[in-house]
Amino acid sequence: MNLNLVLSNDAPTVENHQNILVSDLDKVPSRGCRSFILNHSINYLTDEQLHKVLDKIRHGGALSITSPDAMEAASALCWGNIDMNAFSAITSNKNKQYSIMEVKTMLEQEGYKIENATINELVFYIRAQRP
């Protein structure tokens with residue numbers, strides 16, 4: 001099973017992945033996913049929901065996360081590279097902000113192997129595999 005975590009039913013699909021609403025996470029069996037994508041959705045999850053996502057990935061399965069990086073956004077605001085409106089758009093109405101280092105460390109502590117971790121402008125991307 002390949003899943004793409006979405007916030008609403010009208011979210012675009014990802015090739016070879018089925019959209020699943022955050023509210024439907026409990027319907028996914030533990031260790032049932034070969035691939036799980038969080039494309040700009042991690043910031044809307046509670047810590048409990050994020051750990052549920054991690055539990056859904058089978059051994060050898062992959063997790064891909066794309067999200068605004070909190071540290072990059074704060075630095076860009078501090079140095080005047082973005083204005084307050086842009087910063088607010090990145091950080092407002094989210095449950096929690098993340099940085100690439102915070103997510104990388106959390107995944108490694110959960111036993112995941114980081115395959116790729118990059119930042120492009122204000123957005124990070126991490127791909128990790130569950131051994």
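Met-106 is buried, because its relative accessible area is 14% and buried means under 20%, with exposed meaning over 50% and partly exposed in between (1.4 Å probe, protein chains only). The residue lies in helix H4, where helices (H or I, at least four residues) and strands (E, at least two) are DSSP runs numbered from the N terminus. Leaving aside its neighbours within four places in sequence, Met-106 is in contact with Leu-50 and Leu-54, contact meaning heavy atoms within 4.5 Å. This is a predicted model, in which local features need pLDDT of at least 70 and side-chain atom pairs count only at pLDDT 80 or more, whereas totals for chains, interfaces and linings use all residues. Residues are numbered from 1 along each chain as its sequence is written, and side-chain values use heavy atoms, with hydrogens and water left out.

From here one can turn to the nonpolar interior. In soluble globular proteins, nonpolar side chains tend to be buried together. A nonpolar core is here a set of buried Ala, Val, Leu, Ile, Met, Phe, Trp, Tyr and Cys residues joined through side-chain atoms within 4.5 Å. The largest such core has 26 residues, and those with the most contacts inside it are Leu-5, Phe-36, Leu-38, Leu-63, Val-103 and Leu-107. Two or more residues are given to this core by each of strand E1 (2–6), strand E3 (33–39), helix H1 (47–56), strand E4 (57–68), helix H4 (100–109) and strand E6 (123–129), and the largest share, four residues, comes from H4. Leu-38 gives a view of the surroundings: apart from neighbours within four places in sequence, this residue is in contact with Leu-5, Leu-45, Leu-50, Val-53, Leu-63, Ser-64, Ile-65 and Thr-66. A second, separate core has five residues, among them Ala-73, Ala-76, Phe-87 and Ile-90.

The sheet comes next. Its six strands form an open sheet in the order E2-E1-E3-E4-E6-E5, with mixed pairing, two strands being counted as paired if DSSP finds at least two bridges between them. Strand E2 (18–21) and strand E5 (113–120) are the edge strands, each pairing on one side only, and the twist averages 15° from one strand to the next. E1 and E2 pair in the parallel sense over four bridges, and E1 and E3 likewise pair in the parallel sense over four bridges. Asn-4 stands opposite Asn-19 in E2, while in E3 the bridge partner of Asn-4 is Ile-37. E3 is mostly covered, five of its seven residues being buried, and six bridges join E3 to E4, which run parallel.

Thr-66 counts as buried, because its relative accessibility is 18%, and its contacts, leaving aside neighbours within four places in sequence, are Leu-38, Asn-39, His-40, Val-123, Phe-124 and Tyr-125. His-40, found in the loop between E3 and H1, counts as partly exposed at 36% relative accessibility. Phi of His-40 is near 60°, a positive value in a residue other than glycine. Arg-31, in the loop between E2 and E3, also has a positive phi of about 60° although it is not a glycine. Most residues other than glycine have a negative phi, and most peptide bonds are trans.

Not counting residues up to four places away in sequence, Glu-115 touches Arg-127, Ala-128 and Gln-129.

What remains is the pair formed by helix H2 (residues 70–78) and helix H3 (residues 84–91), whose axes come within 10 Å and cross at roughly 170°; axes are lines fitted to C-alpha atoms, for helices over the stretch in contact, and angles run from 0 to 180 degrees between N-to-C directions. H2 and H3 are therefore roughly antiparallel to each other, since angles over 145 degrees count as roughly antiparallel, under 35 as roughly parallel, 65 to 115 as roughly perpendicular and the rest as oblique. Ala-73, Ala-74 and Leu-77 in H2 meet Met-84, Phe-87 and Ile-90 in H3.
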